[in-house]
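This report describes a predicted protein model. The structure is shown first, and the account then moves from a single residue to the chain as a whole.

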Amino acid sequence: MTGDGKAWRRFVSAYAPVIHKAVHYTLQWNGGHAAGLDVQDVTQEVFCRLVGDGFRLLSTYDPARAGLSTWLTVVARSTALDCLRARRTERLARHVPYPHHDGHDVHDVEDELAGRLWAEAPVSDDRGELDLPPGLLSRRQSTVLRLLFQDDLDTDEVARTLDIHPKTVRSLKQNALARLRHHFCL
């Protein structure tokens, strides 16, 4: 941060693998390849964020709160997820938004994407079950998506129906959507 080139090269040499690994796994588990994101490009974006605005982000590191590797992993994951969100938002902006059941546009990108997946995915039977490869979604994930998007229940209603915490419902939904995005190359 003081402009010492040797110190910066040592920093990059020591922490580039940590950042690269965090970016790689974040993109891998969240459909980064399908979204067309390159690990190297996103890793470079992490470094740009660290040094941008006069090292503003890097200067927020507090060793009393976490180790540098841990903090950089969080920054890398956050950056990778931001890049994924930006790419998805860009892709969705090229399509006409699907109206919600009450006639209003869906503003939540994840809900719009899930609605599209549910509407466009092949159906295997008259019960409206998705025709997906066995094992793509867990039984709980399939159930949560069906209750949310086919039966039109909200998160709290699904939680009560399944006797689980609403955070668990949101987690199951997000994990299922990540798998579906990857499967359908969205």
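## A buried threonine

Threonine 79 is located in helix H3. With a relative accessibility of 1%, threonine 79 is classed as buried, because the cut-off for that class is under 20%.

Leaving aside residues up to four places away in sequence, threonine 79 is in contact with Val42, Glu45, Val46 and Arg49.

## Salt bridges

The model contains four salt bridges by the distance rule applied. One of them joins the side chains of aspartate 82 and arginine 49, with an N to O distance of 2.9 Å. This pair connects distant parts of the chain: aspartate 82 belongs to helix H3 (residues 68–93), arginine 49 belongs to helix H2 (residues 39–55), and 33 residues separate them. Aspartate 82 has a relative accessibility of 27% and is partly exposed; arginine 49, at 29%, is partly exposed as well. Each value falls between the limits of 20% and 50%, which means that neither residue is called buried or exposed.

Aspartate 82 also forms a salt bridge with arginine 85, again with 2.9 Å from N to O. Here both partners lie in helix H3, three residues apart, or about one turn of the helix. Arginine 85 has a relative accessible area of 46% and is therefore partly exposed. A further salt bridge brings together the side chains of arginine 56 and aspartate 53, at 3.5 Å from N to O. Both of these residues are exposed: the relative accessible area is 54% for arginine 56 and 67% for aspartate 53.

## Cysteines

How many disulfides does the model contain? The count is zero. Cysteine 83 is buried, at 16% relative accessibility, whereas cysteine 48 is partly exposed, with a relative accessible area of 39%. The two fall into separate classes because the limit for a buried residue is under 20%.

## Overall architecture

The secondary structure of the protein chain consists of seven helices and zero strands. Read from the N terminus, the order of elements is α-α-α-α-α-α-α. Among the contacts between residues with a separation of 6 or more, 60% involve residues 24 or more positions apart; the link between helix H3 and helix H2 made by aspartate 82 and arginine 49 spans 33 residues.

The protein chain has 186 residues, of which 33% count as buried.

## Confidence in the model

What is the mean pLDDT of the protein chain? The value is 78, and 75% of the residues reach 70 or more. Over residues 96–107, however, the pLDDT is below 50. Beyond near neighbours in sequence, this stretch has 15 contacts in the model. Where pLDDT is low, the predicted coordinates should not be read in detail.

Note on methods. Residues numbered from 1 in each chain as written. Predicted model: local features only at pLDDT ≥ 70, side-chain atom pairs only at ≥ 80, totals over all residues. Heavy atoms only, no water. pLDDT = per-residue confidence, 0-100. Contact = heavy atoms within 4.5 Å. Helix = DSSP H or I, 4+ residues; strand = E, 2+ residues; numbered from the N terminus. Buried < 20%, exposed > 50% of the residue type's maximum accessible area, 1.4 Å probe, protein only. Disulfide = S-S within 2.5 Å.
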